[in-house]
Amino acid sequence: MNLFGGTISSLEYGLNYASLKNKTIAQNIANVDTPNYKAKDVSFKKMLSDAQDSTIKANRTDVRHFDFKIKQSTPGVFSYENYKYRSNGNGVDMDAEQASLAENTIYYNALVERISGKFNTLNTVIKGGK
C-alpha cells in the first residue's frame, strides 16, 4: 500500500502487533490454572529484530537471475521462565493480564479508528469529494 504513503503500512504493522499480543494474553488467561504454565508476552522490539534477522537471501548463480528474499515468520513472543506467581509453578498474574488486555484493546481500537479514517479519506478522494 505504499501507493498511498507509508501510514497505512505502519498502521497494518501496529494492528498485527496488537492482534498477536491479544492472542498471547488470551492464552495466558486460559492457562491461569494450569500447573507450571509460564506466562508469555509480546515484545515489539523483539518482533522487529526477528523480522530483520529472519530474512534469507538467496545467492544468484547468474546475473540474469532475479534477486529475491524469503521471509520466515517468527513472532516476538517470549515467556517468563523464572517467574512463579503461584505455588503450583504457574506464572500468570490474572490482574496484570486483565490490565494488559484492557490497555491492548484501547491501543487496537485507536489503530482501527485511524485506519478507518484513512480509508474514508481515500474513499472521499475517489468519489471526487462527494
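Helices (H or I, at least four residues) and strands (E, at least two) are taken here as DSSP runs, numbered from the N terminus. On this basis Lys 21 is found in helix H1. The structure is a predicted model, in which local features need pLDDT of at least 70, side-chain atom pairs count only at pLDDT 80 or more, and totals for chains, interfaces and linings use all residues. Residues are numbered from 1 along each chain as its sequence is written, and side-chain values use heavy atoms, with hydrogens and water left out.

The protein contains 3 helices and 4 strands, which follow the pattern α-β-α-β-β-β-α along the sequence. Burial was assigned from relative accessible area (buried under 20%, exposed over 50%, partly exposed in between; 1.4 Å probe, protein chains only). Of the 130 residues in the protein, 25% are buried.

In space, the C-alpha atom of Lys 21 lies 8.4 Å from that of Val 77, although the two residues are 56 apart in sequence. Ile 25 also has its place in helix H1, and with a relative accessible area of 3% Ile 25 is buried. Between Ile 25 and Leu 101 the C-alpha to C-alpha separation is 6.5 Å, across 76 residues of sequence. In strand E1 stands Val 42, which is buried at a relative accessible area of 4%. The C-alpha atoms of Val 42 and Lys 23 are 9.7 Å apart, and these residues are separated by 19 positions along the chain.

Salt bridges were defined by a side-chain nitrogen of Lys or Arg within 4 Å of a carboxyl oxygen of Asp or Glu. The count under this rule is 1 salt bridge. It is formed by the side chains of Lys 21 and Asp 41, with an N to O distance of 2.7 Å. This pair links distant parts of the chain, as Lys 21 belongs to helix H1 and Asp 41 to strand E1, 20 residues apart. Asp 41 has a relative accessibility of 19% and so counts as buried; Lys 21, at 12%, likewise counts as buried.

A pair of aromatic rings is described by the distance of the centres and the angle of the planes. Rings of Phe, Tyr and Trp (its six-membered ring) were paired if their centres lie within 6.5 Å, with planes under 30 degrees apart counted as stacked, over 60 as edge-to-face and the rest as tilted. The count by this rule is 1 aromatic pair. The ring centres of Tyr 17 and Tyr 107 are 6.3 Å apart and the planes stand at 80°, so the pair is edge-to-face. Because Tyr 17 lies in helix H1 (residues 7-30) and Tyr 107 in helix H3, the pair ties together parts that are 90 residues apart in sequence. Tyr 17 counts as buried, at 14% relative accessibility, whereas Tyr 107 is partly exposed, with a relative accessible area of 37%.

Pockets were located on a 1 Å grid over the protein atoms alone: a pocket is an open set of points with protein on both sides within 12 Å along at least five of seven lines, whereas a cavity is a set of points where a 1.4 Å probe fits but cannot get out, and lining residues have an atom within 4 Å of a point. Grid points are joined across faces, edges and corners, and a volume is the space filled by probe spheres set on the points. The second largest pocket has a volume of about 180 Å³. Its lining comprises 16 residues, of which Lys 40, Asp 41, Tyr 80, Ala 96 and Glu 97 lie nearest its centre. Two or more lining residues are given by each of H1, strand E1 (40-42) and H3. The most, 4 residues, come from H1.

Surface patches were built from residues with over 30% relative accessible area and no salt bridge, with like charges joined within 9 Å and nonpolar side chains (Val, Leu, Ile, Met, Phe, Trp, Tyr) within 5 Å. Accessible areas come from the Shrake-Rupley method with a 1.4 Å probe, and for residues only the protein chains shown count as cover. Tyr 80, Tyr 83 and Tyr 85 make a nonpolar surface patch of about 300 Å². Tyr 83 is placed in the loop between strand E4 (77-79) and helix H3 (94-126), and is partly exposed at a relative accessible area of 37%.

Most residues other than glycine have a negative phi. Asn 36, in contrast, has a positive phi near 65°. This residue, Asn 36, sits in the loop between H1 and E1 and is exposed, with a relative accessible area of 52%.
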